[in-house]
Amino acid sequence: MQVVYNRENEVIRMSVREHVKELLNKKIKQDKIISQVELARAIGVMPATITKWLSGISMPDPDNIPSVCKVLNISLYEFFGIENNCVVLSDEEKMFLDKIKNNPALREIVNKL
């Protein structure tokens, strides 16, 4: 993973998976915007799936990302950490984003942003 600097010139090493893990933990555990169970119900997944996202074991399926963003009231850019340039993409994450780009519904949402 390469080194990335934020606006304050601090070194940040973060993958998309790490960013999503931190973001979801912040929204669910620190800010307490929604519980894991409520998020799971809202987007139609099992609570164990949310647990995997919070631990960084897995990422939300591309089809679930727009729903997660809507429920948490965040943009796709914020979800992926693009707004603050804190993310370094691994090959696996580049493939993940390619899946999103190739999904017409998600591509339409991204184009609206």
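An angle of 65 to 115 degrees between axes counts as roughly perpendicular, under 35 as roughly parallel, over 145 as roughly antiparallel, and the rest as oblique. Keep in mind that this is a predicted model.

Select helix α2, residues 36–43, and then helix α3, residues 47–55. Their axes lie 8 Å apart, and the packing angle is about 115°. The two helices, α2 and α3, are therefore roughly perpendicular to each other. Viewed as a crossing, α2 and α3 are right-handed.

Now show the side chains that make this contact. On α2, pick Gln36, Val37, Leu39, Ala40 and Ile43. On α3, pick Pro47, Ile50, Thr51, Trp53 and Leu54. Colour them by class: the contact of α2 with α3 comprises 8 nonpolar and 2 polar residues, with no charged ones.

The crossing of α2 past α4 is right-handed.

For the contact itself, select Leu39, Ala42 and Ile43 on α2, and Ser67, Val68 and Val71 on α4. By class, the contact of α2 with α4 has 5 nonpolar residues, 1 polar and no charged.

As a last stop, centre the view on Leu39 and Ile43 of α2. Both are among the residues that α2 brings to the contact with α3, and both also take part in the contact with α4.

Terms used. Residues are numbered from 1 along each chain as its sequence is written. This is a predicted model: local features need pLDDT of at least 70, side-chain atom pairs count only at pLDDT 80 or more; totals for chains, interfaces and linings use all residues. Side-chain values use heavy atoms; hydrogens and water are left out. Axes are lines fitted to C-alpha atoms, for helices over the stretch in contact, and angles run from 0 to 180 degrees between N-to-C directions. Helices (H or I, at least four residues) and strands (E, at least two) are DSSP runs, numbered from the N terminus. A crossing is left-handed if the near helix is turned anticlockwise from the far one by less than a right angle, and right-handed if clockwise. Contact means heavy atoms within 4.5 Å. Ala, Val, Leu, Ile, Met, Phe, Trp, Tyr, Cys and Pro count as nonpolar, Asp, Glu, Lys and Arg as charged, and the others, Gly among them, as polar.
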